[in-house]
Amino acid sequence: AQIELDQAREALVHAQRMEAIGRLTGGIAHDFNNLLMAILGSLELLRKRLPDDPRITPLLNNAIQGAERGASLTHRMLAFARRQELDPQAVDLRKLIGGMDALLQQSIGPSVMLETRFPATIPRARTDPAQLENALLNLAVNARDAMPKGGRLTVAAREERVSQGPGVVLKPGHYVVVSVSDNGEGMDAETLARATEPFFTTKGVGKGTGLGLSMVQGLAEQSGGRLTLKSKVGEGTTAELWIPVAQNAVESRSAEAASLRSGADVQPLVVLAVDDDALVLMNTVAMLEDLGHKVFEAASGREALEILQREKAINLVVTDQSMPRMTGLQLAEAILAQRPDMPIVLATGYADLPRDARAGLPKLTKPFFQQDLAQAIVEALKTPPERGRVLKFTRPER
């Protein structure tokens, strides 16, 4: 009993420590996203406005690629903190992984043999397909690095049912388990225990961020599942992604997104842009004006409401979510109480939002490009808020 109590205490301390790290990581990623938003947006507009000069254009492209790599890093940090924005869909795993064969083989190299094992039929999994592809790619690269002399990488899937009982970590239900196995070097017990910690890596400097497995774990948990790792030195490693089965087929929004008209087809609007970060606000205003819209700008929710009272011609609002005193969702509630038909776009680097907010307002994930902004405007105009709907988003963002 004493041993079990000590183990429970140790598990609690570990969970609290990881939660604290997650909060810190999510906050850093949010602030970093704002910086990248200003950098990427400004560079994109510069590339459009400067003449094509072989001395300048490669430097601009290089800067944009560097900023995009920074954005990819923040997405991994948010994934670990379970605050990334997911687009859950009913995913056909056979089709998704089959379509990745060439990419996986290219990533692991010719010295590693790729093998896939699937049952004749397997239910669809409910997760974000793009993030799942990224997770599988991370697991495959980790496996490759564990087999410097070559070996075999096996990607498989199976069904599992979890019942209620002592020691059960997952919620009882129906799951699809995607496993990635290698016959490489394996990990000792100490390394295995720390493998999913953020920034922990056994690779050399510059060869890994230590966020790959953290990202995979974040995706699994945010999807309602979990990541398990099994490994022994000299016997290889198996990573298992437990993902809930899709109860109802979730229609992919990719077709709808593809059908959206280009932002260039939208008639000029009068837009109110709201953000407490001056750099991001200037950047968003520049993007909107470049699209042909007239823009008013506000640095807070209170200032935005004052401008809306004064400027009746405003017919669209683009607002940040994480603002002091009044969040973007609270601002949306106040606006829709007075003007129920006002289209509103919510820009955020977080996924820490109430579930009903996800369906209620078109969202724009930071950092975004001008085309992303244009498509979000089209979506907002296409699906304005329902008349008379009262939003109750009063919980302040952490």
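Reply: Let us begin with pairing: two strands pair if DSSP finds at least two bridges between them, while helices (H or I, at least four residues) and strands (E, at least two) are themselves DSSP runs, numbered from the N terminus. This is a predicted model, in which local features need pLDDT of at least 70 and side-chain atom pairs count only at pLDDT 80 or more, whereas totals for chains, interfaces and linings use all residues. Residues are numbered from 1 along each chain as its sequence is written, and side-chain values use heavy atoms, with hydrogens and water left out.

Me: What makes strand E4 and E5 a pair, and in which sense do they run?

Reply: Strand E4 (residues 151-162) and E5 are joined by 10 bridges in the antiparallel sense, and the criterion asks for at least two, so they count as paired. Within this pairing, valine 155 has valine 180 of E5 as its bridge partner.

Me: Which strand is joined to E5 by 8 bridges?

Reply: That is strand E7 (residues 236-244), which runs antiparallel to E5; here serine 181 is bridged to threonine 238 of E7.

Me: How many residues of strand E5 are buried?

Reply: Strand E5 (residues 173-182) has 9 of its 10 residues buried, where buried means under 20% relative accessible area, exposed over 50%, and partly exposed in between (1.4 Å probe, protein chains only). Over the chain, buried residues make up 46% of the 398 residues.

Me: Why is valine 270 called buried?

Reply: Valine 270 has a relative accessibility of 17%, and the limit is under 20%, so the label applies. This residue lies in strand E8 (residues 270-274), and, leaving aside neighbours within four places in sequence, valine 270 is in contact (heavy atoms within 4.5 Å) with Lys294, Phe296, Ala313, Ile314, Asn315 and Leu316.

Me: How do you know that glutamate 44 has no salt bridge?

Reply: A salt bridge requires a side-chain nitrogen of Lys or Arg within 4 Å of a carboxyl oxygen of Asp or Glu, whereas the nearest side chain of opposite charge to buried glutamate 44, arginine 47, is 5.7 Å away; Lys and Arg count as positive and Asp and Glu as negative, with His and the chain ends not counted.

Me: What does the side chain of glutamate 44 reach at 2.9 Å?

Reply: The side chain of glutamate 44, a residue of helix H1 (residues 2-49), reaches the backbone nitrogen of glutamine 370 at that distance. Not counting residues up to four places away in sequence, glutamate 44 also touches other residues, including Ile64, Met287 and Phe369.

Methods
A polar contact is a pair of N or O atoms within 3.5 Å; within protein, one must be able to donate a hydrogen and the other to accept it, and residues adjacent in sequence count only if both atoms are side-chain atoms.
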